[in-house]
Every structure is written in structure tokens, then in C-alpha cells.
Amino acid sequence: MFTLTGTGIGRGIAIGRALIWDRSRSAIPNYRLQKNEINQEISRFSHAITLVRSELKHVQDNLPDSAPPETAAFIDVHLMMLDDPVLSEQPLASIAEHQINAEWSLQNHSNTLISFFDNISDPYLRTKREDVAQVVDRIMDILIRSDSDTHKLTDNIDQVLNDQIIVARDISPADAIRLRQRHLSAFVTSLGGPISHTAILARSLAIPAIVGLHDVTRSIRNNDYLIVDAASGALIVAPDDETLEFFKSARESQRLRQNELSKLRKVHPVTADGQPIKLLANIELPEDLDTFKDSGASGVGLYRTEFLFMNRENLPSEEEQYNAYCHVLQSVDDPVTIRTLDLGADKQVDGGRKEPKVSMTPALGLRAIRLCLSEPSLFKPQLRAIFRAAQFGQARIMIPMLSSLQELEQTLAIIREVCGELDRDGLSFNANLPIGGMIEVPAAAISADLFASKLDFLSIGTNDLIQYTLAIDRVDDTVNYLYDPLHPSVLRLIQNIIRAGEDAQIPVAMCGEMAGDPNFTRLLLGLGLREFSMEPSQLLEIRQQVLTSCTADLIELAGQILNSSDSHTSHRLLDTLNAGSGV
Ligand code: PEP
Ligand code: MG
């Protein structure tokens, strides 16, 4: 048994078998063998060498007449390399001596050989390094394919996963979407941070996950028995009986608690001192409507429309987008906040667009409203679809990543243009939609009053607001440790946005992950937030926090946290707030 620790997403516990999902060969499996597995591993390695040799001989014997004369000589060189003891014998000895798997052993020895060639001064001989690499690659391919234990999900992500735990280097938002409906019980990844879109999707799937588990694909084998404890971020590999029993009973307690919480679904979210609070849901695809309905949310606070653009060769047409929005609006009796496309950054899907532009720092590049303004042919069909669909429900439109008023004015001008065009085309539509903006760039947060004077509502996107305020790439696990919603700069910006909304008498919601974290509910209530939008799986927990909070009692401590200058004190005060102000 051993434990790896990363950043947990959610609080759930999953117990199941590992399924390594490795799209590339970048993660060569490294694992230790039991004594009784050594002989089998040695034969696996020898068999791979024999196969590569016979493949090469076959190619050599069947060279077409048109092949360049040096081809046979190249193949000879590869055959000679296969016979070199560094590749064919020494790995065998290491397998036995260090009790390591064949791939790991081969990798160690090939690294030695490659660095030997790298250090040769003769330029011609140095080029032989490539030959070594090619031969090693071929052996490695065969080994990885031959690992009888290995059931790789290389391309067939669409299979039903039967409660397995996916172990991957990374899962893109597009792949995470494909993992829906596959019945996986958890996933763990080497990369990723707590507010990466992959993590957000884990929350939306309501499954536990751990991200930022460096090199996890190398430390785990297919079918290893795993426990994922998202609350602590611990991944326990090959647990002993006692540990397994402990987590099974913890999982059962969680299930019972969830049953208890579900009784709150229909209870109106009003604080103990009578403040009505809006609890809304974030959705990514129309398929999320079932979980939305189960959550008891009183509307959709964020519909991330860009997910319709993923995993496909062509852009969705205006008609397809129109149908998707109609479906959502007709299924929800409450307001639905449709966010216009937020493509770019870690959602680099081209949706059929040719050569999407990827900058060196994509989070600061052409993303969200910037991309839409620069590509009207992408933006206008979406706007047309939204305004047409808006006849069938309570639609609101929300613009992501605004950073200047000019952008807002340009957007409003395009909206007017689109409505004019719809009119000329004789299509029926509803032009009277509330238009809101996401405040998620510090520039917009600082001048929230200016935006509030021109918009019908604001929504605080804390995921990006924290990313940009603290200068931490939300998908870079090496800077996860700096992610801190309690940072005074973040709290001051949040307060500034809430105040701007109050002054302009327009509603302010929060739709970033912070809104769905029960640790922060009371703090946010104390700062004056009254609308929370989150992944549906979080809603019951937050509802419970709301029902047991008395806002009048929260204001003073929330103010102290806002004014605290050191993180330790802020966390201590938050604990006091969460422990003491319940009713
Ligand atoms: C945010 O940035 O907080 C947000 C809700 O939007 P997204 O996570 O999709 O960027
Ligand atoms: Mg955002």
C-alpha cells in the first residue's frame, strides 16, 4: 500500500480499479514486480526483442527494387543495435536485480546509450542516436501493447467504464465531456489545478477526482486497486484491509449524509434572519438538465455554451445552436443565463475552425469575448440563435471576460446589428433580454461601477478573477499552491463588485467555483452576496449553509477577514465564522 497526494476535487470517496488512459507514449509505465513475476517479465522482454528482429528481417527481405540502396544498410544498423548487450541483455539483468517492469528497465538502459551518443564529438556517429531511439521506440511499442494486464483506453474513450477509476496525465475539457454517461467512478490526473475546467467538469459529473498528482500514470498499473479520497486529495494504491474497511464505512456515511441533505431540496433558501438567497446552477450541455432538475436550483446562473463546440469537426450551425438553446429554455421554467462563447485558453477547441490561433500565454490571449469580437462569423450565428430561442423561455445573455467598456460597447453594437438582421430576415425573436457581464478580469472588477451602469446584471467569475489577480495559470499545477480565494486582493475585488451592483441596483451573482464551496458561503453572505451559481452537485450543501446562517451575525467577522493582512489569521477567522455563526 502507498499513498500519493494531489489536489482533491469534491469531497467524495471512490473505490475501484485503475484504468490507465494514456493517449501518448509520454508516460511509460514504471512499476515494481513481485518476485514471482520476474520470469514472466523477462520472457515478455525477450519476446519483444525477437518480434522486432523478425519484423526488421521481414522488411529487409521484402525491400522493393525501387528502395534507395542505403535502406538495407540502415536496417542492418538497427539489427546490430538490437544485438547490442546494452539493449538486449542488460535490461534483462535489471528486471531481475531491481524487480522492475520491462519498460522501465529498457528506458533506463536506452537513456544511458542515448546519452553516450549525445556526447560523441564525431557528428556522423552522433546521428546514430536517432537510430537507437527508433529501435527503442519499436521495442517499447511492442512491450506496452503486450502488457497482458494493460487495457488501455487509448482511443476508445467511448466505452462504458463500469465504475473504473481513470488514471491519466491530463483530461482535456473536451475529453471530460466525452466521459459523461460512461459510469466512471472517479478520475485522477498528473496535471491540473482546482479551478481548471477539467476539475470543474469533475464537479459537474458529481464524481470525486484528484488533480496535480505528478507522474501518476507511471506509478500505477491497470487494475490496481485504488481509493480516491477527494476531501484530502489522497490516492491510496493497493490498500490493506483495515484501510479499505475504513474508507468503505466513510463512503457509506457520506451516502447517508447525502440522503439527509436531499431532504432540503424543496426548502426555500432563506437565511435564518429571513434574507432570501438565489441558488442557481451552472450547466455545460443540455444533457445536464437532469442533474439541474434534481438539484432544486431556481434557474441557470451560467450556461457554458462553448461545450457544444467540442469533439466535432464542424462548427455547430445557427440552427443547431438555436435548437440546443430552445431545448434548455423550454425545459427550465426559471431564468437561464446563456453565456456567449468562452473559447480559448484551456478550451482550445476549434469546432471545425481552421488553425485556431494559440498564443504563448493563451489565458491572456484571444479568448472569450475578445475572440468573438475578432470573428463575427463565429459570434453572430450564436447571437442570432440566442435571440431567436429567447422567445421560448426566460433567457438572459452574459458576456464573458470583459476588460474594457469599449469591448462592451462593441458587443452591444453587434447585438443591435444582429437584431436588425433578424428583423430584415423576417425571423421572429425576442430582443428584450437582460444583458449581463462576467466580472472576472481585475480591470473590470476595479471599475465594476462603470460596467454596472451599463449592464442589467453582473456575475463574478472567481476562477478567472483569482487566476488573473494572483497571476496563477489555472491549469498549471505547479502554481496550485498559490490559489487562495481568501487573498485580500481577491476579497476586496469581490466586495467592490458587490457594492457596485448594490449602488446601481442591479443583481450580482457569483458563478465561479468559490460560490459552490461551502467553506465560503458564510463569508460571501457576510460580504453581501445574495446569488450563488454552482455545479448542481454542490447545491444541497450550499443550501444547508444558507438555511443555517444569520447574515446579520456574519457581517463583522466577514469584515475582519476582508481586512486581515495575513493568510493564517484569515483562515482562523474563517473557521470561527463557519463554526460559530450557525443557528
Ligand atoms: C469563472 O471564470 O469563474 C467562470 C465561472 O467561468 P469559467 O470557469 O468557464 O472560465
Ligand atoms: Mg471564466
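Colleague: What share of the 583 residues in the protein chain is buried?
Modeller: Buried residues make up 55% of the chain's 583 residues. Buried means under 20% relative accessible area, exposed means over 50%, and partly exposed is in between, using a 1.4 Å probe and counting protein chains only. This is a predicted model, where local features need pLDDT of at least 70 and side-chain atom pairs count only at pLDDT 80 or more, while totals for chains, interfaces and linings use all residues. Residues are numbered from 1 along each chain as its sequence is written, chains are lettered from A and ligands numbered from 1 in the order in which they are written, and side-chain values use heavy atoms, with hydrogens and water left out.

Colleague: Thanks! How many helices and strands does the protein chain have?
Modeller: There are 24 helices and 16 strands. These are DSSP runs numbered from the N terminus: helices are H or I with at least four residues, strands are E with at least two.

Colleague: How much of the contact total comes from residues 24 or more positions apart?
Modeller: They account for 70% of the contacts in the chain with a separation of 6 or more. Contact means heavy atoms within 4.5 Å.

Colleague: Let's switch to ligand 1. Which residues come nearest to it?
Modeller: There are 17 residues around ligand 1, and Arg304, Arg339, Gly461, Asn463 and Arg474 come nearest. A residue is near a molecule or strand if one of its heavy atoms lies within 4 Å of it.

Colleague: What kinds of residues are in that shell around ligand 1?
Modeller: Four are nonpolar, five polar and eight charged. Here Ala, Val, Leu, Ile, Met, Phe, Trp, Tyr, Cys and Pro count as nonpolar, Asp, Glu, Lys and Arg as charged, and the others, Gly among them, as polar.

Colleague: Which N or O atoms lie 2.9 Å from an oxygen atom of ligand 1?
Modeller: One is in the side chain of Arg339, and another is in the side chain of Asp464. Asn463 takes part through its backbone, with an N or O atom 2.8 Å from a ligand 1 oxygen. Those are polar contacts: pairs of N or O atoms within 3.5 Å, and within protein one must be able to donate a hydrogen and the other to accept it, with residues adjacent in sequence counting only if both atoms are side-chain atoms.

Colleague: How much of ligand 1 does the protein bury?
Modeller: Taken alone, ligand 1 exposes 290 Å², and the protein buries 100% of that. The elements giving two or more residues to its shell are α9 (197–204), β10 (300–304) and α19 (462–469). Helix α19 provides the largest share, three residues.

Colleague: What holds the magnesium ion, ligand 2? I mean, which protein donors?
Modeller: Glu440 (OE) and Asp464 (OD), lying 2.0 to 2.1 Å from it. The two are 24 residues apart and link distant parts of the chain, with Glu440 in the loop between β13 (435–439) and α17 (442–446) and Asp464 in helix α19. Donors are N, O and S atoms within 2.8 Å of the metal (3.2 Å for Na, K and Ca), and sites may look incomplete because water is not among the atoms.

Colleague: Are Glu440 and Asp464 buried or exposed?
Modeller: Both are buried.

Colleague: And Thr462, what does it touch?
Modeller: Thr462 lies in helix α19 and is buried, with a relative accessible area of 1%. Not counting residues up to four places away in sequence, Thr462 touches Ile494, Met510, Gly512, Glu513 and Met514.

Colleague: New topic: why is helix α22 described as largely enclosed?
Modeller: Seven of the nine residues of α22 (residues 539–547) are buried, so the rest of the structure largely encloses it. The buried residues of α22 pack against α11 (241–262), β9 (278–283), α12 (289–295), α21 (521–526) and β16 (531–534).

Colleague: Last one: where is His327, and what is it in contact with?
Modeller: His327 lies in helix α13 (residues 318–331) and counts as partly exposed, at 42% relative accessibility. Leaving aside neighbours within four places in sequence, His327 is in contact with Pro286 and Leu289.

Notes. Accessible areas come from the Shrake-Rupley method with a 1.4 Å probe; for residues, only the protein chains shown count as cover.
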